[in-house]
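This report describes a protein chain from its overall fold to its surface and charged contacts. The sequence and structure come first.

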Amino acid sequence: MFGRLGAPEIILILVVIVLLFGAKKLPDMARSLGKSARILKSEAKAMKSEGQDNAAAPADPPAAPEAPRTIKAAPGDVTSRPVNEPSDRTTQR
């Protein structure tokens, strides 16, 4: 149904994208997409390490509350924000 995409087809698609979104907005969109991917990767890594820590550690609650994690700003950004995480207190019904 769909043939292979060659160089002319890819160039045509890129031209259409530039015409639709504008050349000024494309770098901003790529930057925000990169930030989102970086945040998603760090959160996935944190969840994975948290799962490994929970499996290895006993079910006792921590003695002192932990400091809130912060998402590191991307290069060029000057802001960072705390991450609101739900507590580990779950109820079983």
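## Nonpolar surface patch

In this predicted model, a nonpolar patch lies on the surface and is formed by Leu 5, Ile 10, Leu 12, Ile 13, Leu 14, Val 16, Ile 17, Leu 20, Phe 21 and Met 29. Together these residues have about 930 Å² of accessible area. Helix α1 (residues 7-21) supplies the largest share of the patch, with eight residues.

Ile 10 is one of the patch residues and is found in helix α1. Its relative accessibility is 41%, so Ile 10 counts as partly exposed, a class that runs between the 20% and 50% cut-offs.

## Salt bridge

The structure holds one salt bridge. It joins the side chains of Arg 31 and Asp 28, with an N to O distance of 2.9 Å. Side chains of opposite charge can pair when their charged atoms come close.

Both residues belong to helix α2 (residues 25-56); because they are three residues apart there, about one helical turn separates them. Arg 31 is partly exposed at 48% relative accessibility, and Asp 28 is also partly exposed, with a relative accessible area of 46%.

## Chain overview

The secondary structure of the protein chain consists of two helices and two strands. Along the sequence they follow the pattern α-α-β-β.

The protein chain has 93 residues, of which 4% count as buried. Its accessible surface is about 9100 Å², and carbon and sulfur atoms account for 62% of that area.

Note on methods:
Residues numbered from 1 in each chain as written. Predicted model: local features only at pLDDT ≥ 70, side-chain atom pairs only at ≥ 80, totals over all residues. Heavy atoms only, no water. Patch = residues over 30% accessible without salt bridge, like charges linked within 9 Å, V, L, I, M, F, W, Y side chains within 5 Å. Areas by Shrake-Rupley, 256 points an atom, 1.4 Å probe, with all protein chains shown as cover. Salt bridge = Lys/Arg side-chain N within 4 Å of Asp/Glu carboxyl O. Helix = DSSP H or I, 4+ residues; strand = E, 2+ residues; numbered from the N terminus. Buried < 20%, exposed > 50% of the residue type's maximum accessible area, 1.4 Å probe, protein only.
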